[in-house]
Each structure stands twice: as structure tokens, then as C-alpha cells.
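Subject: Structure handover

Hello,

Please find the structure below, followed by notes on what was found in it.

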4 protein chains.
Amino acid sequence: MSMNTFGHLFRFTTWGESHGPALGATVDGCPPGVPLDALMLQNWLDKRRPGQNKNMTQRQEPDAVRILSGVFDGVTTGTPIQLMIENTDQRSKDYGDIAQTFRPGHADITYHQKYGLRDYRGGGRSSARETAARVAAGGVARAAIHALAPQMQIKGYMVQMGAKTIDRSRFDWDAIDQNDFWCPDAAVAPEWEDYLQAIRKDQNSVGAIIEVVARGVPAGIGAPIYAKLDTDLAAAMMSINAVKGVEIGEGMAAAALTGRDNADEIFMSNEGVPVYSSNHSGGILGGISTGQDIVVRFAVKPTSSILSPRQSIRIDGTPTEVVTKGRHDPCVGIRAVPVGEAMMACVILDHILLDRGQTGGARGKIG
Amino acid sequence: MSMNTFGHLFRFTTWGESHGPALGATVDGCPPGVPLDALMLQNWLDKRRPGQNKNMTQRQEPDAVRILSGVFDGVTTGTPIQLMIENTDQRSKDYGDIAQTFRPGHADITYHQKYGLRDYRGGGRSSARETAARVAAGGVARAAIHALAPQMQIKGYMVQMGAKTIDRSRFDWDAIDQNDFWCPDAAVAPEWEDYLQAIRKDQNSVGAIIEVVARGVPAGIGAPIYAKLDTDLAAAMMSINAVKGVEIGEGMAAAALTGRDNADEIFMSNEGVPVYSSNHSGGILGGISTGQDIVVRFAVKPTSSILSPRQSIRIDGTPTEVVTKGRHDPCVGIRAVPVGEAMMACVILDHILLDRGQTGGARGKIG
Amino acid sequence: MSMNTFGHLFRFTTWGESHGPALGATVDGCPPGVPLDALMLQNWLDKRRPGQNKNMTQRQEPDAVRILSGVFDGVTTGTPIQLMIENTDQRSKDYGDIAQTFRPGHADITYHQKYGLRDYRGGGRSSARETAARVAAGGVARAAIHALAPQMQIKGYMVQMGAKTIDRSRFDWDAIDQNDFWCPDAAVAPEWEDYLQAIRKDQNSVGAIIEVVARGVPAGIGAPIYAKLDTDLAAAMMSINAVKGVEIGEGMAAAALTGRDNADEIFMSNEGVPVYSSNHSGGILGGISTGQDIVVRFAVKPTSSILSPRQSIRIDGTPTEVVTKGRHDPCVGIRAVPVGEAMMACVILDHILLDRGQTGGARGKIG
Amino acid sequence: MSMNTFGHLFRFTTWGESHGPALGATVDGCPPGVPLDALMLQNWLDKRRPGQNKNMTQRQEPDAVRILSGVFDGVTTGTPIQLMIENTDQRSKDYGDIAQTFRPGHADITYHQKYGLRDYRGGGRSSARETAARVAAGGVARAAIHALAPQMQIKGYMVQMGAKTIDRSRFDWDAIDQNDFWCPDAAVAPEWEDYLQAIRKDQNSVGAIIEVVARGVPAGIGAPIYAKLDTDLAAAMMSINAVKGVEIGEGMAAAALTGRDNADEIFMSNEGVPVYSSNHSGGILGGISTGQDIVVRFAVKPTSSILSPRQSIRIDGTPTEVVTKGRHDPCVGIRAVPVGEAMMACVILDHILLDRGQTGGARGKIG
């Protein structure tokens, strides 16, 4: 897990810049014999694709993914899978005026400070376009999970957009795919739409909180101490552009709980497996899955690329006012939903493989 | 960064169980020529040591660290540094009754499910005693940082204990070391003491939020995309026992901000370096340090080992009520403060080394 | 260094099959600011390219490399560099008859046994075409070395082809590029040509020994114990298709030497640097460079794809006689020369970066 | 596999210097439930222990290994296993006179050049004592292999000492343990003894070639391309002190073979498994095991620490003549036999775990 590579046994390396010829992911360690084709990946990429509705950037990218290696006769071969997405709608001229300027809240200045130069076109490597490669890699992980553990489900959704939160009492799984926000509260979604359009008209942007759930993960996945399931999930989510916080289960709110309230009491179900009175732990104890839902949340900051003027400096040190033109998301958190799902899929698959590597997938008996 | 190892170039592997003969850390990749002796490490270990006051577990462990390798004539040689802490106060009998039982909220059940067996004495590998090894490793990192970047300071403190928070307007660096809670708000500390004693008497426990700041980190440390400084910090903090959430800068609160409010505007200082109007970013943009304070927060859940009875099951599946005797912290978050500092030190040093490996430590010029 | 990735700080992952749409290398960790374009890489690829003369396979592949990321305005940006080579001359029909058969001496059977399936077209992932990706990655390493240590030279050549060896007394650096065998003994080259044509006419093939020298590597590069310079070189060379042995300096012949004969005695040169009476060590002591020439040799087995019939089995277990048609090298060792050079370049660059990461590139003073 | 760590899933990090208080290995990733105690490890360490007969250094080290973690109730727990060997016979005074001097053929000078300092006592980290830690780690690997694949056997022996080779026609497995040289040719062993005593009396030393065989390794272990079984074996053996060459199967001699001669023809056995007419490949094709014996050879150079005077320099650059007193092996290759076995065990176990991680241990059917 170093530099541009994520994962232990199931690993991917993303490459590519926003306005280069292409970007993609090199996926290594996928089990052999997993049915896979480009269409299956496209399904997930289309969820993340820009330009789909008025709540997103209007950049039009088909994000068509090609599989260049590692698949033969419709199944994975166990060798590296190269996924390539060509960039087509590169209006580099939109960015020409920022070559000498650092946008506040953006990685322009730190890339320059570290490397002495940067690909300023569309943010180059720091662009949210990088996340398309993750979604493609996550599609491979989902295909492998489907082959190894078909009962498992991974689902992400927005629980907060700017100042607006969902009402958990109206939580509805089926609503998630039926609005532009992946919002599980159908009643609040129209309200969010008005709110976001107002934000956009105000030349502003807004943050969001995404929750991702993995259901059906067997107990015993994960490992102490530095490859804990929660450690890797925290790294996975924090590595996504613009993410500033990650929570497992109760998350930051765990600080205010007492030990008595926080204890997930254990019972034997009629089916003879351990069940819990609650899931404060988010499905992970000691870095290892309990068999309950694995629940992760992360906060995405508001897009720093806004049309409102902000004070900054040029490379030569002179002051300037920056207005970021170009086509940007008023709430980049919307498109972070499939990205969070993809990272969850990659982490879970990786730990399934790690676990069967070390233990053979055997499980301690209870009852 | 896999299994029990943390870090890229500066790496440590922790080993040992709560009630085994010893525990420790194998530290690799430390620069040569760094002045180091056991006393320097002991200084940090003493901060984390149990039994120091009534707000902690009464287990008495001297936590005396020995350096078994990698140091010669008072300086590091560049080869692996073995740090060993012998366990002395192992009252294994306290734990005998939980060999067949899973404590709610504890890793007992998941270790059993994964490995088919567990060292149940004091939680074995999942005990918070593992963090002593991190603090020792962090002491090595601090010594190397002191040699490479003497201006840098790393400081942790508690900003919330259970329902009680500090008043940021009373924040006082000098207060931190002057109370049992590493609390920067001197006025609130006595109140916390009463609160925690009431929790303890109620046979309960409580969570906490720790903030760790690294001051004086040069701009340009860190790297996209999966070894981002914030990614590694999130992994570092989430890997600590009982941590359920990690935040950088604004953290989860970034969701509610607008892009206009969240933008840290940039100016040139009179000294000719970029300065910022605010630090919503927590000192990191695009995974790379800005030169501002690096600010990380993490939430520690309440100790699951409490004297209040809780429902659970035995290995044979029969129901039981668990009361965890033994000597436990009513707020394990207190002792997490030096652990968070240690992890910050390790991450920062690792990234300083990674950066000079790739770039030679050169910096892009501004102004 | 796991699965399809090689290297520590300068790392590359190769991907692609012989008869898929493309193959390539994802290069991570390259220093920023290194001048690089596709033409510089093509230069090295052309050395390895098939179909150039009658001593090679007649498969015609332009092996045109494209840089898809990580380079901007003619220099590396420090982010991942994607190198893609499209396959153009894929006569898959040549291989149709071996889909159900395992060629003796080839990876057909072990891929099938491990993965349960294989891309049988041209050997798929096990084809020597994979080495084109290494040569491209090595070209990046050479460019970075040229920027960091311009005095360094890396040169490979054949010292043995089948039963024929060079005469070391006629060793001539300038001869290497002037014959089809990268042979440093100009007098023996014509003899080798006759020999190889006879081998080919006999529907046979032959092995080879390649020597690669790195000249001008500063003393102090490398590290004990498991990332020793010689360890990584051994891994690098043994990872090349068909390689069965690797030697550093005296290599296997060191066994027959006495300590007195093997000692490279040390003197101070007039320029005030240590010099040696001999180089039995191959420029490496304790895994760290001495400043002398680094000398590595590796043996390439004869191509297993030959026109002579050999006994084998089909997937269904029935016996068969295999004659491998297609266009194969009578001595694949010839094309291994630029591959060995590429691996040497990658290892040396990686260790230069690792060394300056840990030590800052400082050197212990002598004299 | 970086710096002082070896392996992917089954990993160990060695630490410690020749004359420090202790040395050892931190072993991570061992499967849980493997029966293990110190006595089992001691068995292997005693094979490598110095001072056992007149053909070895007379340094007396009990090399008593302690298990400090990761084992509970007689079995491994799946958490890190710390193995510690205390140094007892440290005659540091023997080495005082070399603090300012570089011994020819030794790592003294390169450690100094890299790190600016060195632990000169007994060679510090570069001492062959480090291999005791490998042997201990290898003992853990053997215990795990015994649990997972009890049919497997790993055996090393010397096939050449200095100018003396064995006669392969007299090869006898049972002879190996019955002479001081692990020599499989009983008839030649007495001759070797005379030869070595003459070398010693001449204040000289001599090299050796060791062969290590793993029998009963299932087909399908290993993986392309950079974690090939042969790649990892080459790295494993080359990482051992004083090793200058590594061969798999035919090794360097493969260069002189033709494709016709080198082809291991394939047949179906009466038991319905593939068998081969020969084993030129050394049991590995395309980096994956064939099910035949895995055969590795490595050459150990003669000990550079000899009593014969050799020209060298001091740290201040002045010339000097070095005579290395102290207690050194006339043929360090003898003690390299158990070290090679240990490395073989670690690599094989690691690849068994990696394989079942990726593929679940399923095997493609033949017949």
C-alpha cells in the first residue's frame, strides 16, 4: 500500500491525469476464473460518470472502459488486468489561466512545492477523474466477490449534503437508486435538489457525508494490528479526493458514549450463529469482521473549484484573485458514492484473500 | 503496510501479547547517526504507562524498554532497532474466567472466529498493551525527526471526554502537561476529574476525542494517491485499539461547509513564504503538506471491559452474563494521547524519508 | 516486490499477454523533472525488438511505446507513468493447436495447474513478449539515472551462446554494438552466426549467458539484509523468462577459490578514493556497492518452443507429440541482453532512491 | 520484501548484531494452530551452531532460542512470533584492532561508506550470526509446512567444497547427516576433512556449493512474474551472507544445452498425474512448481576473515596490512546448509499461503 498502489493481495495501481490521453487501473492478484467483461465494469462507471444531470459537472465523458489484459474467454486468468479509460472531452483551454496560479483549497500549490512542476490541466493527477479508475477496479473486485461470496451486498448512499441530513426513520434501501443523490430518504431528496441548485446559482459548493454498507461479510475477515479491516477501510476512504473524515460504526460519536451503552450484547440466534443487540461497532471488533453489517462513513469537503473569487498567489509570489471557471460539481460528494462503494469492495475482497491465505478460511466453532 | 507492520521506509512491526513474557517493536529503516538511548524512549513510555494516577488502570507495569540492536556508541547504525518491554505484572488469574466467554464489544469473539483459538490472557494481542510498542517506536521516530528537522513539534491532547468538551477559547498549550487528562483547557480539567470518577464508581467507562498536531512540517511532504499523508495518518490512527473515527482538519464537519467558507486563502508572508487565512485543510492538500499545522483528531470508544454485567455467550453457545473484572481504564482515551503522538511521529518521519527518496527533498520555488 | 510488481521506491508493474490487444508497464515512484519522451524509450525497445535479423524470431512487432501518463511538457511529473505497447502481429492461428496441449519445458502446464485455465495464445502472460514492458520501464530508469548520476553506464553483452564462449582477452566494448549477438569478442561473432544457423536448421535452439555491467555506481548504494543490492539483482534477473542462474562477480566459481585469492585488496588512489586490486566481489560487499563495476551474469535456457517433436500430454491426459510451430528465437538469449540491462537500471535507480531516502545520500568519509 | 524483511504473506524481519545483547527474527503471517515450541526450533539451530567440531569456528554459542510471543498453549495464534537468541560468547576485544581498519572482502568499508559509522564488533549486522535468526524463522516455516503439507521434505547438502566435488553416482540421502559436511557422498567426506584441515593450517579459507531440494511440493505453487517461485528463491539464497551465485535446476549449465536436450518430456503416470522424463527445470516452469523436486544451488565465497595478511587501508586512508584474528570458519559454506534449508522452507510456505489466498488452492484438472 504505497504511493499509487492500494491493497495487499488484491492490489490496484491507478495512473493517469485529468487531461492526458487516458487514465486507468492496473489490477493485480484477482482470483482466476471470475466472469468479467467491460460491460460489467461500465455499469459501475456509469454511476459515477459526469454530465448525467444538472446536479453534476457538465463535462461529458463517456468513461468507456477497455480491458487490455488478464481476461480470456470471458473470465479472469489470474494475471494483471489493465483497465483503460480514454479521456475525450478535454477542454484544456479552460485551465490555461491557472497554470501560474494556485487555487485555494486545491492541490496546485502542494504539487508545485513537492515536485517543482505540475500538470495543471484540470488538476492533473489530483483531479477527481482519478476516481473513475477506482470505480473500474472496484468493479473487478465486485465480480470476484460475486464469485466467491454471492450473498454479499455493498451499497453506498448520501446521508448528509451540506447542512441537510436524512431522517433515519425514513431510511429506505429502495429509494437510493431513485434520485440523483443516492439519498435513502425519498422525502428529503426534492428538498436537497432545491438546496443544491441554490448553492450552484450562488457560485458556491457544498460538502457531503456518504455511508457505505457491506452486508453478508462472513465473520473472521480482517487481521490485527496494522492491516485491520477498519484500518484499511479508513485508508481506503481517506485516499479519495476531498475526504476529510472517516468513521466506522458509531465513529466520532463513540466518544460521547459510555461503555454500557456502547456494548453490542451477544446472543445465539435460532440458526445457531452469534447475533448482536446492536451494531455500535460497525461490524468490526479488533480489526476483524463480526458478521454484522460493516458500516463506514466519510465526509467529503465542498469542491474547492468555485466561481466565487478567492484570494491567492501566483507562482511568482504576487497576489491574485482566483475564480475557477471550468465545469465543476456543486457537490462532488454525489459522485463519491460509487467511489466509496468501489473502495469498500476492494478492501473486502483483499481481506477475504488475505484471510484464506493465512487461515485457509477455516472458522472457529461457536456452539 | 501489511499485517503487523506499519510504514513504508521507516517501518515498525509490533509483537507480543498482554500477558506473554514481553512485547516490543522491530523498527527498520531509521536513518543512521541519530543519537538514541533507552532513556529517551522511556520518557515517552512513561507518559503512556498505566497505574500513574486514579484515572487509569491500576495495573503496575514499569514498561522499561531495552534496545537490543541497531544502536552503537549512542547512535543508530541504520540497521533494525529491536525494542523490548518485559511484562512484569501479569495477573493471569484475573482472566481465567473469560477463557470460555466472549466479552461484548471486545475482540474475543472475532479472534476466536478467525483463528479458532486465542490467547485470552488480558486480551492477548488485542490488548491496549500493544500500544506501548508503538510509543517506543514513536520515540525512535521523534529522535530521528529531531535530528533531521529540529524545528518540528508534535503534541497531542484530549478535546473531549465522554459528554464533556473543551472550550477552544481557553486553549492553552502549556496546560496540556499539567493535568491528568492532557487537557488544554485548564478550567475544565477538574470538572473532568469529577466526571470520570463518577463514571468509574458507576462501573462504567467513557470514550474520548484526541487531537494531535504536528507543527513545523515543511511543505511538500506526502504523495498522491494511496500514500497520501492524510491516508497514512488515517490508517495510523484507526489502527490504534478502540479508535472508531479519524478526522483531518475540519473532518466530518467539512460536510456542512460551503466551498467559499472552506477555502483557505493564500497570501505571501513578509518572509516570502505562502501563508493561509485559515487551516480548514488541516495542513494537507492533495495528500501533501502545506506547511501549516497538521491537525488530526480521532475518537476512542469507551473501554468495553467494564464491571457492569452485559449479556453474552460462551464458546459452547450458551448464554451468559459477563462482568469484566481485572484492572481497566475508565477512559482509555487518556492513555491514547501519547499513542496518537507516536503514530503521528512515525508517519511524518516516514514521509520525510519517502520524499527525499523520490525528490531529493528539493522544493518548487514560489516567489 | 510482489506478484507482478518489481521494486521498492522505483516500482513497475507489467501487464499484458502475448496476443492480447496491448501490454505495458505502470511505473511509479520516478523522480519528477526527468526529461522523457517516447522516442527515448523506443531507442531501447528497438534493441529488443523481434524480426530484426535472421538470428531472431521473424514475428514483426513495431513495439511502438506510448506514454499515457506521468509526463508533462517533456518531463516526468513524479506521478505514475503508463507505458503501453500495442500488439499488432498476432497470428493467433499459429497457436490454436496447442490449446489442449502442454509444450514440454514451457509454462503451459503449470499455468493450467495453478489457475485452471490459461491464455494459450502465444504463451499468454508467460511469453517473452512481457520483457518488452521491462525494457520500456528500464528506459524510464535510465532517463532518471542520467539526470541523477550522469557518469553511470549500464551495458550488457553475451559471453556464451550454447557451447561457444568468448575469449576474454579479446574483450572489446566497442564491438558489442557491432554484431547481431551483442558479443564483445569481434573475432568469435561470425563463428557464432554459423553455429546458430546450424542450430536453427536442425530445428533446435540453444541457451546463453549474458553479462551486465554497471559502471560509475557510487559506493554506498544497497542495504542489508533482504534488500541487498545483490539480492535485488538476483531477483531481477531470475524474474526474466527462461533464466535459470544468476551470478554476482565470481559467481558459482567463488566456491573453488580460497580466501586469499578471493580477497580484493584495498588501496587509496592518487585521487584519494579507495581502489581495489581486483573485483572478485562484482562491486558489492555486504549488499552495498563498493564503487567498482557491478557485474552480474545470468544464464538463459534454450527456447522450449522448437520444431523438433517432443513427447507430452494433452489436458485430457492422453499422450501426444508436440512440435511447436510459430516464429521462435533459436537463441532467445540474444534478446535478453537489453532486458538484463533494463533490470539492472531499475534496480540501481531504486537503490539510489532508497539510499537517499534513508541516509540523505551522505557518505562516510575515508582519508 | 524490503530492507530487513523477507516474504509476502509469511514474512520475517531479522534484527541484531554479532556482539549486541541478542539477535532474532520477528515472524508474521504464520497460520494459526500450528504446534510449536522452542525445542522444535532448537533442533534446527543446533545444526547451524558454531563450535561443534574442528571444521567450524570455535566460538561457543549455545544459540538458545526463546519464543516471546505468538504461541499459546503450544500452538501458534496467528499473531507475530518473536524469536530471540541471546549472544553469550562475545569476545569483543578480538575485534578492537579492526575498528579503524577495513578488512578486504568484508562489508566493513561499504557499511562505513553508506552509514558513516558501523558496529565493528564481529562484523555487527554483516556477521554470519544473522543467519541464526533465519534458521529460527525457517523452523517456524517448517512447522507450518508440516501441518499443511506433511508429505513435504526439505533437505540441503554440500556438493562442492573448494576444488572438491561430490561424485553424483555415489549420491546417498542417508549419508548427508553422517559427516561434518552434510556431504551426500560418504566416500569423499574423509578426503574433504583432510583438505579443509590443510586449508585451515595454511591460514586460508575456501568456498562451497550447497544444493537444497524440496520434495513433495504440489504443482501450482508460485506466480508470475515478479513473485515467481524461482525469483523468490534466488532472492532468498542471494540474501545469505557470502553467497555469489544461485542456480535453479540446470542453472548456469542451461546455457550450453540445446532445446531438444533441455526439454523435460511429459507423461501421465499410472496414478494419473503428470510425470517428467527429466528435471532440467528444477521443478519450476514459468515461476510455478511442476510437482517435481525443486532444486536450488548456491555458491558461498571463501570466508574473507583469514589469518593471512592482506593489503588494505584505515579509515584515515593510510595503508595497512590486515590479519583477521578471531575465530572464523575455514569453510563457512558448511554452516550455510541449514541456512539454505531455512530459506527454502520460508519461500515454499509463503507461496503456499499466497496461492491459497489467490486461488483457494484449487488446481486445474489434467486427465
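Which backbone nitrogen does a side-chain oxygen of B:D37 reach at the start of α1(B)? That of B:L39, to within 3.1 Å; a polar contact is a pair of N or O atoms within 3.5 Å, where within protein one must be able to donate a hydrogen and the other to accept it, and residues adjacent in sequence count only if both atoms are side-chain atoms.

Conventions: this is a predicted model, in which local features need pLDDT of at least 70 and side-chain atom pairs count only at pLDDT 80 or more, while totals for chains, interfaces and linings use all residues. Residues are numbered from 1 along each chain as its sequence is written, chains are lettered from A and ligands numbered from 1 in the order in which they are written, and side-chain values use heavy atoms, with hydrogens and water left out.

Helix α1 of chain B covers residues 38-48; helices (H or I, at least four residues) and strands (E, at least two) are DSSP runs, numbered from the N terminus. Its buried residues are B:L41, B:Q42, B:L45, B:K47 and B:R48, where buried means under 20% relative accessible area, exposed over 50%, and partly exposed in between (1.4 Å probe, protein chains only). Their cover includes β4 (65-67), β7 (81-86), α3 (130-148) and α7 (333-359) of chain B.

B:E211 sits in strand β10 (residues 208-215) of chain B and is buried, at 4% relative accessible area. The side chain of B:E211 makes a polar contact of 2.5 Å with that of B:Y157 and one of 2.7 Å with that of B:R168. Leaving out residues up to four places away in sequence, B:E211 touches B:K155, B:G156, B:Y157, B:V159, B:R168, B:V295, B:V296 and B:R297 (contact: heavy atoms within 4.5 Å).

Cysteines: there are zero disulfides over all chains, a disulfide being a pair of cysteine sulfur atoms within 2.5 Å. B:C30 is in none, and the nearest cysteine sulfur, that of B:C346, is 10 Å away. B:C30 is buried, with a relative accessible area of 1%. In chain C, the closest cysteine sulfur to that of C:C30 belongs to C:C346, and at 10 Å it is too far for a bond. C:C30 is also buried, at 1% relative accessibility.

In chain A, F267 belongs to strand β12 (residues 266-268). A:F267 counts as partly exposed because its relative accessibility is 35%.

Regards
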